[in-house]
Amino acid sequence: MKKWYFLPILLIPFVFLVAQMPFTEQETTPPVTVQQETVPVQQETVPVQQETVPAQQETVQQAQKYVSHETLNAILWMQTSGEFKGLCYQAYNTAKLMLDRALADKNWCADLVQQEENNYQDLPPAVILDIDETVLDNTIFQGSLILENKPYSGRSWNQWCKEARATALAGAAEFCNYAIQKGVAVYYVTNRWDSVKDVTEKNLVAQGFPLEEGKAEVYPKVKERTKGGRRAKVAQNHRIVLLVGDNNCDFSMLFNDTTVEERDKATEQYATYWGTKWILLPNPAYGDWENSVLEHKQRLSDQERLQLKYSKIRK
């Protein structure tokens with residue numbers, strides 16, 4: 001009888017162990033629920049990655065647009081570099097020195113045709129200057145073509161001229177006023193059309209350039225494409241002591257409608273004139289040099305223009 005008395009006591013640990021088993025299984029259930037809740041979070045990140053694709057495409061398109069314009073580096077250099085401004089100051093400082101030398105020598109003449117005629121010694125002195133990229137800076141107009149990815153056109157150019165927003169190149173207005181003070185007439189011989197002469201004069205005056213009939217006048221293009229006839233008009237009553245421009249055609253007809261080789265040969269032929277009687281301003285953006293590279297061919301496609309330019313590169 002005594003042995004059975006202790007049997008319930010011996011069963012107590014076993015009962016307690018069995019009672020603990022359901023409680024342990026319930027504690028492991030919550031981690032399963034946590035794992036299931038994390039799945040939507042991963043799914044929500046997918047649309048964010050998809051939304052970045054159009055923005056990337058737009059960036060690529062903009063980059064392609066900007067690098068495609070031929071004059072980007074040239075215009076950026078003219079607008080931002082100290083080197084360009086320094087060259088302008090250098091040109092006009094040299095022009096002052098050469099003007100003083102010319103006034104002291106009645107045999108000094110910058111125009112080749114007038115030299116051949118040899119009847120200029122007793123005529124009053126005059127200087128002839130081009131306007132665009134010689135005394136006025138039009139790179140704002142050129143810059144707008146780059147930003148809008150548009151080609152040059154005569155219509156857009158004339159509209160720009162009418163706005164009269166071109167600025168003076170460094171040293172240009174100071175030189176022109178210096179010439180007037182020295183009793184030298186100033187003639188702006190430009191290939192701007194006569195239709196924009198009035199607004200061009202307005203622009204020049206606003207930028208501090210002298211303008212007075214008989215002393216400082218604008219000679220625009222009327223019919224003729226070249227400047228030889230207008231230089232001859234000045235030479236009728238004046239000794240041309242200096243020629244100032246950004247294009248070799250501003251100095252002599254020898255440079256008109258020439259090949260690259262012919263322009264180079266004529267440039268070397270008159271080596272002593274550069275920086276003395278002929279003052280040249282830098283312009284890498286456009287000019288007759290480009291027409292020579294393109295072999296004076298008209299209506300070329302963009303691809304044809306590029307092919308011709310690449311063919312002229314030395315290697």
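## The cavity

On a 1 Å grid over the protein atoms alone, a cavity is a set of points where a 1.4 Å probe fits but cannot get out. Grid points are joined across faces, edges and corners, and a volume is the space filled by probe spheres set on the points. A search of the whole structure, which is a predicted model, finds one cavity of 30 Å³ or more. The largest cavity has a volume of about 50 Å³.

Which residues line the largest cavity? The lining consists of Ile128, Leu129, Asp130, Val189, Lys227, Arg231, Leu243, Val244 and Asp250. A lining residue has an atom within 4 Å of a point. Helices (H or I, at least four residues) and strands (E, at least two) are DSSP runs, numbered from the N terminus. By class, the lining has five nonpolar, no polar and four charged residues. Here Ala, Val, Leu, Ile, Met, Phe, Trp, Tyr, Cys and Pro count as nonpolar, Asp, Glu, Lys and Arg as charged, and the others, Gly among them, as polar.

## Model and confidence

Residues are numbered from 1 along each chain as its sequence is written, and side-chain values use heavy atoms, with hydrogens and water left out. In this predicted model, local features need pLDDT of at least 70, side-chain atom pairs count only at pLDDT 80 or more, and totals for chains, interfaces and linings use all residues.

pLDDT is the predictor's confidence in each residue, from 0 to 100. Its mean over the chain is 86, and 78% of the residues reach 70 or more. Contact means heavy atoms within 4.5 Å.

## The chain as a whole

The chain has 15 helices and seven strands. Of its 315 residues, 37% are buried. Buried means under 20% relative accessible area, exposed over 50%, and partly exposed in between (1.4 Å probe, protein chains only).

Take the contacts with a separation of 6 or more: residues 24 or more positions apart account for 75% of them. The chain exposes about 19,900 Å², and carbon and sulfur atoms supply 55% of that area. Accessible areas come from the Shrake-Rupley method with a 1.4 Å probe; for residues, only the protein chains shown count as cover.

Tyr92 lies in helix α6 (residues 82–103). Is Tyr92 buried or exposed? Its relative accessible area is 1%, so Tyr92 is buried. Leaving aside neighbours within four places in sequence, Tyr92 is in contact with Leu129, Thr134, Val135, Ala170, Gly171, Ala172, Phe175, Val244 and Leu281. Among these partners, Leu129 and Val244 also line the largest cavity. Tyr92 and Cys176 are 84 residues apart in sequence, yet 9.3 Å apart in space, C-alpha to C-alpha.

Ala91 is found in helix α6 too. Ala91 counts as buried because its relative accessibility is 6%. Not counting residues up to four places away in sequence, Ala91 touches Ile279, Leu280 and Leu281. Ala91 and Gly275 are 184 residues apart in sequence and 7.6 Å apart in space, C-alpha to C-alpha.

## Residues in loops

Where is Thr71? Thr71 sits in the loop between α4 (39–67) and α5 (72–80). At 15% relative accessibility, Thr71 counts as buried. Beyond four places in sequence, Thr71 is in contact with Ile146 and Ala285. Gly287 is in the loop between β7 (278–280) and α14. With a relative accessibility of 18%, Gly287 counts as buried. Gly287 and Cys249 are 38 residues apart in sequence and 9.2 Å apart in space, C-alpha to C-alpha.

Two loop residues have a positive phi. Asn118, between α7 (112–117) and β1, has a phi near 55°, a positive value in a residue other than glycine. Asn118 counts as partly exposed, at 46% relative accessibility. His296 is in the loop between α14 (288–293) and α15 (302–311). Phi of His296 is near 60°, again positive in a residue other than glycine. At 30% relative accessibility, His296 counts as partly exposed.

Conventions
On a 1 Å grid over the protein atoms alone, a cavity is a set of points where a 1.4 Å probe fits but cannot get out, and a pocket is an open set with protein on both sides within 12 Å along at least five of seven lines; lining residues have an atom within 4 Å of a point.
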